[in-house]
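Open the model in your viewer and keep the selection panel at hand. The tour goes stop by stop.

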Amino acid sequence: MKMIVEKMTKDLLINFSSDFLTHLIRFKMEERGCHSIMILGIGSAKRDVYVDNLGPLLGSFLKEKKLPEEVSIYGTMEQPLHFLNLPLFFI
């Protein structure tokens, strides 16, 4: 069952189009009266730590989707955001 859910989740994320994500984010921003949004992909970028690298994986995935300029994404596999460097990102 776990493998099926993981595959379905992966397939769903891969098939999200940039247009759909842009529309969804802008809709949610309007709904909440926001002018910008910050997404933090917190975790380790070590590829062998499967549970802790979900944040950076998602950050990298979203960064590739060319989202609107109102969306800031911090924490990717290339530049991970974790408890040791978190304060450095926002100085």
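**Ground rules.** This is a predicted model: local features need pLDDT of at least 70, side-chain atom pairs count only at pLDDT 80 or more, and totals for chains, interfaces and linings use all residues. Residues are numbered from 1 along each chain as its sequence is written, and side-chain values use heavy atoms, with hydrogens and water left out.

**Whole chain.** Colour by secondary structure. There are four helices and two strands; helices (H or I, at least four residues) and strands (E, at least two) are DSSP runs, numbered from the N terminus. In sequence order the pattern is α-α-β-α-β-α. Of the 91 residues, 27% are buried. Buried means under 20% relative accessible area, exposed over 50%, and partly exposed in between (1.4 Å probe, protein chains only). The accessible surface is about 7,200 Å², with 63% of that belonging to carbon and sulfur atoms; areas come from the Shrake-Rupley method with a 1.4 Å probe, and for residues only the protein chains shown count as cover. Contacts (heavy atoms within 4.5 Å) come next. Among those with a separation of 6 or more, 53% link residues 24 or more positions apart.

**The core.** Select Leu21, Ile25, Met29, Phe61, Leu62, Leu67, Val71 and Ile73. These eight residues form the largest nonpolar core. Such a core is a set of buried Ala, Val, Leu, Ile, Met, Phe, Trp, Tyr and Cys residues joined through side-chain atoms within 4.5 Å. Helix H2 (18-32), helix H3 (54-64) and strand E2 (71-74) each supply at least two of its residues. H2 gives the most, with three. In soluble globular proteins, nonpolar side chains tend to be buried together.

Now centre on Leu62. Which residues does Leu62 contact, leaving aside neighbours within four places in sequence? They are Leu21, Ile39, Leu67 and Ile73.

**Helix H3 and its ends.** Show H3 alone. Gly55, Pro56, Gly59, Ser60, Phe61 and Leu62 are buried there. Step just past the helix to Lys66, which takes a positive phi of about 55 degrees. Then go back to Asn53, in the loop between E1 and H3. Asn53 has a relative accessible area of 5%, so this residue counts as buried. Draw a C-alpha distance from Asn53 to Thr76: 9.2 Å, across 23 residues of sequence.

**Strand to strand.** Select Ser72, in strand E2. Ser72 is partly exposed, because its relative accessibility is 29%. Its C-alpha lies 4.7 Å from that of Met38, 34 residues away along the chain. Beyond neighbours within four places, Ser72 contacts Ile37, Met38 and Ile39.

Ile42 sits in the loop between strand E1 (37-40) and H3. Its relative accessibility is 46%, so Ile42 counts as partly exposed.

**Last stop: Asn85.** Find Asn85 in the loop between E2 and helix H4 (86-89). Is Asn85 buried or exposed? At 16% relative accessibility, Asn85 counts as buried. What does the side chain of Asn85 reach? Another is the backbone nitrogen of His82, at 2.8 Å.

Definitions and conventions. A polar contact is a pair of N or O atoms within 3.5 Å; within protein, one must be able to donate a hydrogen and the other to accept it, and residues adjacent in sequence count only if both atoms are side-chain atoms.
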